[in-house]
Amino acid sequence: MKKLILASFLTVISTAVWAQTGRISGKIIDQETGEELIGAGVQIEGTTKGAVTDLYGDYFIEIAPGSYNLVIQYVSYTKQTVANISVVAGKNTVMNVALSSDVVLEEIVVQAEAIKDNDVVLLQLQKKAFGVQDGISSTEIKKLGVSNAAESMRQVTGAAIEGGKYMVMRGLGDRYSITQMNNITIPSADPYRNSTSMDLIPSDMIENITTLKTFTPDQPGNFTGGKVNITSKSIPDKFYFRAKVSTTYNTQSSFADDFLMDPAANNEMTGFDSGIRNKPQVFEDNQELLKGGAAESAARRARIPENVQDRNVIDESANSLTNGFLPKAGEAGIDHGIELAFGNRFNLGDKPLGFNLGLNYSRNYQHVNNKTTGIWSDGGSSSLINEQSLNVIESTDEAQLGALLGLSLQLSPNHEISLNTLYNHTGASKGLISNGFWRNTASPFYEAQAVHYQERGLFSTQLMGKHVLQGEHGLKIDWVAGFMDLFQDEPDLRQFGYVVGDNGDYVMNKSEVGRLPSHFYRDLQDQQMNFQVDVTLPITQDTENLIRAGFSYADKQRDFEESQLGLFREPIPQQPGVNDDVVSFTEAAGNLPAYFALSNFGVVGGPGINQSNGRTEYGIGQYFSDQTVLGNSYTGVETITAGYLMGVYKLTEKLKVIAGARIEKTELTTISADTTKRFFGKVDEQGNPVLESRNGKISETDILPSANLVYKLSEGSNIRVAYSQTLARPNMREISPFASFGTPNEPTVLGNKNLERTLIQNYDLRFETYPRPGELFAISAYYKNFKDPIIWLLTPKASTPEIQPTNVDQATVLGIEAEVRKSLDFISQGLQNFQFGLNVSYIYSKVDKDQIELDALASANRPNIKYYRTFQGQSPYIINIRLSHNSESLGWENNVSFNIFGERLAFVTGALDPDVFEKPRPSLNFVSNKRINDHWSLGFKAINILDMTFRKEFDDDRGGFNYENYQTGRSFNVSLTYGL
């Protein structure tokens with residue numbers, strides 16, 4: 001507390017002092033290469049005030065208000081003076097300068113307004129990039145009025161955001177994209193996804209966002225679609241503070257009075273479970289009595305009066321599970337959120353110290369009351385068989401807390417140490433009711449209900465260092481050491497299903513619905529440590545010619561445990577005289593509250609005379625046994641060791657080559673808690689089945705070469721040619737052969753211990769030109785060949801449909817992209833505040849079907865046999881359009897964006913069953929931000945204006961057959977922001 005008070009006091013004092021002066025800050029770069037110039041001298045003409053640029057080429061000068069000339073000098077560069085810079089008390093004037101090589105002029109003088117926008121810097125970064133790169137600067141982020149990294153990414157060419165959080169590049173899916181911050185991969189708060197939740201990073205802490213679409217050896221080998229790198233602000237130019245409150249009204253979810261809630265919810269507005277859902281201790285203390293079939297024996301003994309211990313255990317355990325199975329209907333709230341971001345710089349002695357802190361909280365409600373699902377399988381040449389047709393209502397109440405802290409200390413202009421800490425916590429409560437037809441039950445009506453709570457947390461901290469030895473042309477060393485702790489807890493998932501027969505009888509039977517009412521408990525813990533070092537050595541005075549080498553090591557340890565407490569059997573009164581009060585499901589006749597009442601569990605009647613045998617007995621109602629499956633728990637280890645060597649060399653004044661190779665060693669192992677062996681599809685030379693352990697393992701060493709050629713057509717135009725090999729790994733969940741499920745009718749997700757990693761050959765060709773800062777025209781072509789790609793296989797005919805990852809032999813993707821970002825002032829000066837952005841992609845993809853599937857199709861004598869299918873998750877086209885308006889005089893920014901993707905393969909099915917495709921879904925959004933005065937601004941967003949349907953269908957020549965169909969409603973967001 002004392003430290004917090006002291007920090008607050010220093011912040012207030014420094015802010016008060018600064019209010020009497022002003023500041024000039026900016027970045028000095030090489031005009032030709034875009035390289036930051038370290039150690040450049042920046043002087044206020046006619047004064048002793050000045051600064052030396054740091055590791056990032058940044059400088060910072062505090063001075064009294066007035067008008068000044070700024071003189072910039074650096075060895076072998078033309079001296080430059082920027083004239084008439086206006087400094088205002090309490091304000092920061094940003095002045096970025098690009099120096100040219102000293103070949104003709106001794107000095108040049110420019111006016112202050114000539115170079116202000118850090119889009120200039122980003123432009124230089126894109127032009128000098130080793131690979132194909134796009135980006136968005138902090139200046140443009142500010143103009144757009146967005147509040148976090150996810151919203152910023154919507155403006156980056158080729159990027160798409162799923163669920164408002166997760167980044168996908170070139171339509172290739174989550175598996176082929178990664179997200180980094182300061183070139184360090186951000187772990188995902190969801191262990192089943194590669195991408196992290198980008199919405200937790202405040203926009204005020206972002207210097208720029210770049211997207212890399214081609215691999216170079218200094219990058220991780222496991223991206224193929226793209227890599228996003230968020231560069232955070234190091235030491236702020238000045239004190240800043242931003243507070244934002246927002247609320248969102250959704251036409252479908254907000255204030256819905258049929259919103260399904262968890263009856264166990266206990267004021268969980270922060271997303272933290274109160275502990276009420278924890279697995280009762282009685283099941284841990286009495287495993288010998290409650291494990292599997294032992295529970296039935298204990299229940300039989302419990303009837304006899306003298307067996308007090310058995311009776312107490314059965315009664316206590318049955319009544320300890322007080323969380324109800326039935327979601328309760330209530331009224332949804334309205335989405336709301338709070339964001340805080342602030343930072344400052346101090347001097348620790350004579351060494352600059354800066355910090356950036358971002359905090360965010362949100363609570364969101366999603367209610368889908370119009371969802372339909374279906375499962376269809378092949379029924380011969382004339383029809384499909386309907387396996388399921390259900391109507392679904394599902395509701396989600398999610399609360400999220402996030403924090404991001406960055407500390408940076410410059411030991412000298414050439415040495416900086418930074419600490420970044422990221423925290424994110426999410427809690428989501430879900431309720432679901434589905435009913436309709438399920439062929440497997442042989443009944444005309446089926447219903448399932450579920451209540452689910454999921455809590456996720458992520459804590460990541462990274463200590464980083466940047467060092468430059470012997471000046472601008474010396475050795476550069478970048479290193480990072482990090483630790484990550486992640487958990488995902490699913491306490492007390494409750495679900496059940498039942499049917500109503502032709503005679504009107506209500507039946508809850510395991511043989512009918514797959515399982516009886518159950519409580520599931522799942523807990524996942526991940527801990528990861530990583531280390532990375534990169535060394536860059538310029539090999540000539542021209543800093544574009546260099547050698548770079550590096551090493552990285554990452555080790556992740558996982559513990560996953562699942563347990564199940566299931567109703568042992570649906571009770572049937574068989575003890576007249578002592579069990580008369582027990583209500584069977586058939587007797588309840590649809591009165592679910594009566595059936596699930598606590599009075600129907602444990603010891604229900606007695607002691608009394610059992611009329612069937614004349615003995616004194618107790619009546620026993622419903623009770624639970626521990627039905628945990630050992631094979632559904634596992635531990636895992638993933639170790640990735642990598643090293644690389646690459647070179648950058650200008651063969652001529654116009655041609656540059658970037659080439660090298662990366663070696664990555666993958667050790668990925670999962671160990672099942674079930675040590676028994678089973679058949680996983682392998683046979684020996686004699687054709688006999690081979691029994692194997694349930695453990696998954698991948699052990700591979702891959703050499704990943706890369707070569708990029710950049711030909712400079714003119715100052716602002718390049719042609720790029722690139723080749724590389726990359727890879728994609730399955731995650732631990734996918735190679736762990738256990739079955740996870742939600743409600744009984746949902747497809748069961750299976751793991752596959754025999755999965756292999758995917759190798760991808762990448763070829764890229766691109767022409768790019770940058771007419772002006774913030775403007776771009778580019779056209780690209782790319783070809784990718786996948787060996788052993790991983791797809792998700794749906795099996796509709798299983799008693800419960802199953803989804804499982806599997807490898808196929810090969811896939812190819814061929815794409816063409818056109819990208820334009822252009823100011824509309826070329827049409828008329830009246831449109832100078834408007835900017836148009838368009839990127840269009842056409843993609844052809846192909847995956848050959850295996851011979852077994854082709855033989856099955858041929859033997860069935862099906863017409864129009866296709867020998868191939870499209871690549872799973874790959875759209876044939878992607879269109880993104882953006883029109884932006886920014887008026888500095890009015891303090892008003894507006895953005896309209898439209899995007900649409902083509903039909904893409906969601907699930908591959910068996911040889912004769914039709915595949916499942918996700919249908920195109922156009923999206924139209926509008927964002928507006930209006931500055932009220934120097935400190936206040938008002939924002940408005942209209943999201944999903946078209947409210948298009950989320951739709952997946954089984955693709956068949958005989959028509960479209962529904963897999964999933966629903967809408968989410970239109971959202972209207974209003975925000976108020978205060979900033980200093």
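**Strand pairing and the nonpolar core**

Val896 stands opposite Phe926 in strand S51 of this predicted model. In the model, local features need pLDDT of at least 70 and side-chain atom pairs count only at pLDDT 80 or more, whereas totals for chains, interfaces and linings use all residues. Residues are numbered from 1 along each chain as its sequence is written, and side-chain values rest on heavy atoms, with hydrogens and water left out.

Strand S48 (residues 892-901) pairs with S51 (residues 923-931) in the antiparallel sense over 8 bridges. Two strands count as paired if DSSP finds at least two bridges between them; strands (E, at least two residues) and helices (H or I, at least four) are DSSP runs, numbered from the N terminus. S51 also pairs with strand S52 (residues 936-943), in the antiparallel sense and over 6 bridges. Here Asn929 stands opposite Gly939 in S52, and a hairpin of 4 residues joins S51 to S52.

Strands S39 (residues 748-750) and S43 (residues 802-807) run parallel and are joined by 2 bridges; Val749 stands opposite Ile803 in S43.

The largest nonpolar core has 30 residues, of which Ile314, Met508 and Phe596 touch the most other members. Such a core is a set of buried Ala, Val, Leu, Ile, Met, Phe, Trp, Tyr and Cys residues joined through side-chain atoms within 4.5 Å, buried meaning under 20% relative accessible area (1.4 Å probe, protein chains only). Helix H7 gives the most to this core, with 4 residues.

Terms used:
Buried < 20%, exposed > 50% of the residue type's maximum accessible area, 1.4 Å probe, protein only.
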